[in-house]
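The model is predicted.

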Amino acid sequence: MSQTVVLDTLPGGSTNFDVLGVSCQEKDYRFCWLLHKHLDWRLVQESEPESQQRTAGPVSVFFGELPDLYISIRILQLPKAPKVWIQEAAGMDYLIQLTGNTETFLNEAAQNIRNIPEVQWCGKLQKLSDKAKAKLIYQ
């Protein structure tokens, strides 16, 4: 598996992905461990130099792929303060960006994440604007 995930490198490119919002007070590595334990998502931590290059917005802490399903996963930890970075994500601790998924997989993933005892809430961010989605794309 590659050590970097580039979801889109073209400004104004495709925003063809879905986003799950998650409320979970666990630290990022523990949250990703829970995803691995309960969903068998084998996620890799982003390297320090990559994460330090982006100072604004969410920090991509873990990423991975489900090659059998052609799905890419990126876990983003949202900044706590002082402002809401993406209005639709208010109150969320993490965003899970899913590329190449089906609606069935998305619903199943959300339900399985909700079943993790440490998770307070999980659901698809509805009507996420292209402007908000563009903030989640690596440039």
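## Strand pairing

Val-19 has Gln-97 of E5 as its bridge partner. Strands E1 and E5 run antiparallel to each other, paired over 6 bridges.

E1 also pairs with E6, again in the antiparallel sense, over 5 bridges. Here Gly-21 is bridged to Gly-123 of E6.

## Burial of E1

E1 is mostly covered, with 8 of its 8 residues buried. In a regular strand, side chains alternate between the two faces of the sheet. Phe-17, Val-19, Gly-21 and Ser-23 point one way from E1, while Asp-18, Leu-20, Val-22 and Cys-24 point the other way. Residues of both sets are buried.

## Ser-23

Ser-23 lies in E1, which spans residues 17-24. Ser-23 counts as buried because its relative accessibility is 12%, and the cut-off for buried is under 20%.

Beyond its neighbours within four places in sequence, Ser-23 contacts Gly-91, Met-92 and Asp-93, as well as Val-119, Gln-120 and Trp-121.

## Nonpolar cores

The largest nonpolar core has 27 residues, and the members touching the most others are Phe-31, Leu-35, Trp-41, Ile-75, Ile-96 and Ile-113. At least two residues of this core come from each of E1, H1 (28-39), E3 (59-66), E4 (71-77), E5 (94-99), H3 (103-114) and E6 (119-124). A second, separate core of 12 residues includes Val-19, Met-92, Leu-125 and Ala-132.

In soluble globular proteins, nonpolar side chains tend to be buried together.

How values were computed. Residues numbered from 1 in each chain as written. Predicted model: local features only at pLDDT ≥ 70, side-chain atom pairs only at ≥ 80, totals over all residues. Heavy atoms only, no water. Helix = DSSP H or I, 4+ residues; strand = E, 2+ residues; numbered from the N terminus. Buried < 20%, exposed > 50% of the residue type's maximum accessible area, 1.4 Å probe, protein only. Contact = heavy atoms within 4.5 Å. Core = buried A, V, L, I, M, F, W, Y, C linked by side-chain atoms within 4.5 Å. Pairing = 2+ DSSP bridges.
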